[in-house]
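Please keep the sequence and the structure in view while reading.

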Amino acid sequence: MRFLVSGLARWVVLFVGFFGAGSVYAEYGVNFPEPASGSAQEIYDIHMMTMRVSTLLLVIVFAIVFYSLYFHRKSRGYKADQKFHDTWFGHWSWIIVPTLVLGVDLTIANNANAVLEKVWVVPDDKELMDVKVTGHQWWWEFDYLDHGVKVESRYVPKEDSGDLYLREVDNRLVLPVGTNIRFLHTSADVLHAFWVPELAVKKDAIPGYVTETWVEITREGVFRGQCAELCGTWHARMPIVVEAVPKEQFLAWIDERNAAKAAAAAEASADKTWTMEELMAKGEELYNTKCGACHQVTGIGLPPAFPPLKGSAIATGPIDAHLDIVIKGQPGTAMMAWGGLNDLEIAAIVTYERNAWGNNTGDLVQPADVKQHR
Amino acid sequence: MSTYAAEHHHDDHVPTGWRRWVFSTNHKDIGTLYLLFALCMLFLGGASAMLIRAELFQPGIQLLHPDLYNNLVTNHALIMIFGAVMPAAAGLANWMIPLMIGAPDMALPRMNNLSFWILPAAATMLILSFVVPFFPGGGSQINTGWTLYPPLSLQVGMSMDFLIFAIHLLGISSVLASINIIVTLFNMRAPGMTLMQMPMFCWTWLVTAFLLILVVPVLAGGVTMLLFDRHFGTSFFDAAGGGDPVLFQHLFWFFGHPEVYVLLLPSIGVLAHVIPTFSRKPLFGYKSMVGSMLAVATIGMVVWAHHQYTIGMSLGAVTYFMIGTIIISIPVGLMIFNFIATMWRGSMTFETPMLFAVAIILMFTFGGLSGVMLAVVPADMQYHDSMFVVAHFHYVLMPGAVFGLFAGVFYWLPKWTGHMYDEVLAKWFFWINVIGFNITFFPQHFLGLAGMPRRIVDYNVMFTEFNVVSSIGAIIFGLSHLLLLYIVIKTIRGGKKADAKVWEGAHGLEWHLDSPPAFHSWSTAPKAIELTDTYEKPQ
Amino acid sequence: MKNLNEQQQKKKNTRLAIALGAFALLVLVTSFPFWQAVLVEISKSN
């Protein structure tokens with residue numbers, strides 16, 4: 001069936017003559033991807049079960065209707081049976097049919113219920129590794145609560161991702177196989193939804209709420225998903241890429257991240273005075289990845305939700321107020337608190353914002369200033 | 001019941017010019033206005049759908065900025081639901097209910113005029129909400145989808161306020177129309193016609209009207225709170241202020257799910273006339289139809305949260321909503337069964353209304369079964385917010401609502417205009433329309449299962465093939481409606497004269513009036529012999 | 001059902017319409033606190 005349908009689709013594509021470049025290389029499916037977790041497998045099974053039941057019912061209904069369409073027509077000289085509703089069937093069908101449908105319903109509900117409990121309730125008798133998943137406009141933040149590691153994950157532009165465009169990120173969500181992982185979902189701004197089909201957990205990220213799902217990954221691999229809840233302009237650019245690796249490799253990766261973080265912190269707190277060029281270069285890079293999605297690389301923003309920085313009162317006004325809003329955020333708006341960045345990163349971003357796009361304040365903010373401000 | 005019309009000496013003078021339409025209190029004229037309004041909106045909503053499919057034709061962003069894309073997604077839904085389907089169903093109700101129950105007019109003719117003329121104002125607001133962002137200082141576009149979920153809808157510029165007021169106006173219009181229909185059905189039936197002898201179309205509208213006055217005020221309340229959050233510093237839906245973004249979803253879907261039945265039921269009513277007519281056989285199971293309709297409406301009111309399985313409800317809550325949703329298949333299954341049993345051992349002919357009826361039975365069953373799959377919570381963890389959902393609800397709403405309206409229009413068009421429509425062209429329209437629809441939406445099931453979320457402007461190359469097929473289908477499907485427009489215009493302008501009883505197997509009071517009926521019909525109550533001509537008796 | 005003259009019929013229609021309209025307003029007004037309560041109940045996490 002799969003080959004028939006996909007073959008047909010290719011044929012239609014060829015026939016009409018619209019042959020999208022690259023599309024021939026892409027693999028595409030007509031059903032769920034192969035499950036990579038216990039819950040995903042159970043969900044796949046219940047999906048196939050309900051689909052088979054539905055298909056069977058559909059075939060029965062179609063058969064009856066087509067039989068009737070063929071035989072009970074005036075052009076064949078068929079005389080309408082005016083007493084059909086007055087037979088025993090006519091009198092009792094109102095109870096027979098619902099009973100049959102109820103039987104089907106109960107079969108489905110019964111099976112679904114068993115799966116639901118396993119998927120829905122996070123097991124409290126097992127050891128869990130907690131990962132906090134925060135949705136942002138338009139990137140994901142993964143906080144490994146047990147390991148003190150944070151990962152910011154953003155889409156990779158088409159030039160660098162090729163056929164994986166919109167399915168590839170700069171920093172993957174690395175997870176160990178064979179471990180019970182609990183995801184804690186929340187959002188910093190609007191609704192998002194975490195969805196990786198192979199893992200089969202989909203949960204909304206709601207500001208002010210923490211919702212939870214759990215998963216135990218059963219095989220190694222790279223699993224790709226996307227944000228599933230409309231979250232504004234670049235909803236399409238919120239891929240999620242999970243890289244499932246053996247436990248040892250995962251721990252090695254954690255150590256590596258911690259070492260990198262320590263090195264960055266050391267650099268930031270080093271007693272060095274940075275030049276304008278250094279800070280501007282660093283700041284541009286940081287700004288474009290972390291701030292550019294909302295305030296735009298050009299600094300013009302997406303008003304009214306995301307105000308422009310170019311010529312804005314904050315970016316050209318007092319430095320203290322500027323640092324305040326970057327470090328603490330602006331409650332009640334989409335502006336989040338960036339205090340988690342180190343002093344050097346904040347200094348670079350603020351310096352960049354105060355001197356780019358014609359905001360020529362000439363202010364140079366050093367990491368030491370940030371440290372003092374905190 | 002109402003013989004008062006007999007003693008009331010109607011002025012047989014038919015008003016002319018624009019006054020006839022703007023000041024109209026005549027149910028036939030207002031019905032015509034509703035239907036023409038719906039036809040315009042159908043093309044407007046269709047045009048936005050064509051733009052959406054054109055953008056999705058290939059991966060990449062070719063035509064539409066993401067915000068414009070989301071704006072079109074929002075507008076397509078709102079225009080189709082509030083502009084096309086609901087007014088079209090109200091148009092059928094205005095035209096047919098007084099004819100079917102032997103009433104001289106609707107119970108409250110002036111309110112009838114008001115409930116129609118609110119609509120163009122509401123449509124203007126709706127269109128303004130779409131175009132305002134293109135003017136300087138117009139703020140950002142509505143990029144929330146028709147569900148308007150906060151906090152995203154709190155970020156949007158002033159066009160959201162236009163939309164909120166448009167929804168208020170649309171809500172007032174449909175509540176007024178519903179009140180009018182309920183009063184007409186309760187108070188204006190011909191003497192001797194009991195509730196359980198009403199034609200099925202009247203029953204479906206009675207239930208629909210009650211659903212509307214139960215749920216539309218809730219939506220109005222929800223969007224009002226949204227308006228307050230946006231401008232008056234309240235925080236109903238703002239977590240930072242102690243509010244709750246999920247509350248809006250509950251309010252919205254408490255309206256949104258019964259709304260599905262509001263769209264569906266009038267078309268079910270049309271089918272209950274079309275199928276017996278062309279099967280030349282009584283409607284199978286009148287009482288069980290009424291019963292299952294009441295059951296659908298009642299259960300449908302209490303299963304709204306199956307649209308939000310992913311918000312993180314407790315196990316008990318999702319189990320309840322899952323079982324409740326699956327249970328709806330019982331009354332809906334019984335309705336479909338009754339239709340098939342009406343066809344069974346009938347003497348069928350396949351004029352265009354009947355072709356649409358058969359297509360509805362087959363395709364609606366398909367959409368209903370994918371609905372049962374969606375109701376299963378664990379599996380919905382995968383389907384939710386994917387293209388599978390898009391495919392499902394189009395399979396339910398196109399056959400369930402729109403094809404039913406097409407069937408109704410072809411069925412009653414000769415009665416309204418006095419002319420037969422062009423059967424050959426109409427059959428062409430049917431086949432192109434149905435085939436185009438299936439090419440458009442069938443592949444979307446595969447896209448959803450393979451992992452394509454809905455409402456995305458750009459997609460990975462792995463989703464290309466089926467999107468190409470779907471977009472080609474959409475072109476066929478969209479353009480086929482121009483044929484509908486041509487057929488309707490041609491029928492209004494002329495054609496073979498239609499008899500009073502247009503169809504060989506037709507029954508009911510409306511077929512005892514001329515085609516077209518006089519400007520004031522049933523000014524004397526129908527005779528007893530005419531009242532016995534129903535679909536319930538052997539023919 | 002008994003036959004009514006035009007005035008009686010109009011009065012009856014208007015009365016029912018006003019009752020239904022009042023009912024719709026009641027739904028509107030009660031929706032605020034009612035929904036808050038429902039929400040608190042069903043959103044409790046596991």
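The points below concern a predicted model, and they are grouped by topic.

**Domains of chain A**

- The domain assignment divides chain A into domain 1 (1-30), domain 2 (44-119), domain 3 (129-260) and domain 4 (270-373).
- The centres of domain 3 of chain A and domain 4 of chain A, taken over C-alpha atoms, lie 26 Å apart.

**Where domain 3 meets domain 4 in chain A**

- Eight residues of domain 3 of chain A are in contact with ten residues of domain 4 of chain A.
- Between these two domains an area of about 760 Å² is buried, and carbon and sulfur atoms give 59% of this area.
- On the side of domain 3 of chain A, the most area is lost by Gln137(A), Trp138(A) and Arg154(A), which together account for 47% of what that side buries.

- One salt bridge is counted between domain 3 of chain A and domain 4 of chain A.
- Lys290(A) and Glu152(A) form a salt bridge, with their closest N and O atoms 2.5 Å apart.
- Two residue pairs are in polar contact between domain 3 of chain A and domain 4 of chain A.
- The residues of domain 3 of chain A that touch domain 4 of chain A comprise two nonpolar, three polar and three charged.

**Thr342 of chain B**

- Thr342(B) belongs to helix α12 (residues 329-343) of chain B.
- Thr342(B) counts as buried because its relative accessible area is 0%, under the cut-off of 20%.
- The side chain of Thr342(B) reaches the backbone oxygen of Asn338(B) at 2.6 Å.
- Leaving aside residues up to four places away in sequence, Thr342(B) touches several residues, including Ile275(B), Pro276(B), Leu283(B) and Phe284(B).

Definitions and conventions
Residues numbered from 1 in each chain as written. Chains lettered and ligands numbered in written order. Predicted model: local features only at pLDDT ≥ 70, side-chain atom pairs only at ≥ 80, totals over all residues. Heavy atoms only, no water. Domains from an automatic or database assignment. Contact = heavy atoms within 4.5 Å. Buried area = accessible area lost by both parts, 1.4 Å probe. Salt bridge = Lys/Arg side-chain N within 4 Å of Asp/Glu carboxyl O. Polar contact = N/O pair within 3.5 Å; in protein donor to acceptor, adjacent residues only side chain to side chain. Nonpolar A, V, L, I, M, F, W, Y, C, P; charged D, E, K, R; others polar. Helix = DSSP H or I, 4+ residues; strand = E, 2+ residues; numbered from the N terminus. Buried < 20%, exposed > 50% of the residue type's maximum accessible area, 1.4 Å probe, protein only.
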